[in-house]
Amino acid sequence: MTVQERKAELRRHAAGLPQVEAGALFERFLALPQVKEADVVMVFYGTGREPDTVPLIRALLERGKRVALPVVLPHRGMEARQVLDIDQLVPNRFGIPEPDSSCPLIGKDEIAVILVPHLMVDREGYRLGWGGGYYDRWLTDFPGLTVCVCRPGRLVEHMPREEFDVPVKLVLIEE
């Protein structure tokens, strides 16, 4: 079985997993020293079976953090924009809420911590996304901390990998 076939099989399996509340994992994320010390934290907007990140975004804003969310660009590119409120989000071409064009750009070098989305992840930080490679491209030269919060049933022993896959530096699990 090729890496692509194995990833497709894992995506089908992940699609059948229930959406699980990630509140306890988000509390652990907020308690990380790197998050406490960070000026800017980037978070994804959870959709589908991903955890609802709106409470996390609000918690970060309440703590005085500058919060960035990704914006999808043409040619599978991505940028980060700062949000002050959830009302600044508009659906992109995939239907995923992202900051509107009035939100200021945030440079990669300004971001201390990124919460990275995944369908499944292994203990080494290799994750399975939807297959677009947006985060892998964006994270290749990101110097800060990258984190996945892994809910039950989404941790695998070994994620199939390709040369362009970029692991996150920390996987928070419910153990």
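**Salt bridges, core and cavity**

Analyst: In this predicted model, Arg81 and Glu79 form a salt bridge whose closest N and O atoms are 2.9 Å apart. Both Arg81 and Glu79 are buried.

User: Which parts of the chain does the salt bridge between Lys7 and Asp165 tie together?

Analyst: The closest N and O atoms of Lys7 and Asp165 are 2.9 Å apart, and the two form a salt bridge. Lys7 lies in helix α1 and Asp165 in a loop, so the pair ties together parts that are 158 residues apart in sequence. The parts in question are therefore helix α1 (residues 3-15) and the loop between β11 (155-156) and β12 (170-173).

User: Is Asp165 buried or exposed?

Analyst: A residue counts as buried when its relative accessible area is under 20%. Asp165 has a relative accessibility of 11%, so Asp165 is buried.

User: Which residues does Leu115 touch, leaving aside those up to four places away in sequence?

Analyst: Leu115 is among the residues with the most contacts inside the largest nonpolar core, which has 49 residues. Not counting residues up to four places away in sequence, Leu115 touches Phe26, Phe29, Met42, Val43, Phe44, Leu56, Val147, Cys148 and Val149.

User: How many nonpolar residues are in the lining of the largest cavity?

Analyst: The largest cavity has a volume of about 50 Å³, and its lining consists of Phe44, Glu50, Pro51, Val116, Pro117, His118, Val149 and Arg151. By class, this lining has two charged residues and one polar residue, while the number of nonpolar residues is five.

Definitions and conventions: Residues are numbered from 1 along each chain as its sequence is written. This is a predicted model: local features need pLDDT of at least 70, side-chain atom pairs count only at pLDDT 80 or more; totals for chains, interfaces and linings use all residues. Side-chain values use heavy atoms; hydrogens and water are left out. On a 1 Å grid over the protein atoms alone, a cavity is a set of points where a 1.4 Å probe fits but cannot get out, and a pocket is an open set with protein on both sides within 12 Å along at least five of seven lines; lining residues have an atom within 4 Å of a point. Grid points are joined across faces, edges and corners, and a volume is the space filled by probe spheres set on the points. Ala, Val, Leu, Ile, Met, Phe, Trp, Tyr, Cys and Pro count as nonpolar, Asp, Glu, Lys and Arg as charged, and the others, Gly among them, as polar. A nonpolar core is a set of buried Ala, Val, Leu, Ile, Met, Phe, Trp, Tyr and Cys residues joined through side-chain atoms within 4.5 Å. Buried means under 20% relative accessible area, exposed over 50%, partly exposed in between (1.4 Å probe, protein chains only). Contact means heavy atoms within 4.5 Å. A salt bridge is a side-chain nitrogen of Lys or Arg within 4 Å of a carboxyl oxygen of Asp or Glu. Helices (H or I, at least four residues) and strands (E, at least two) are DSSP runs, numbered from the N terminus.
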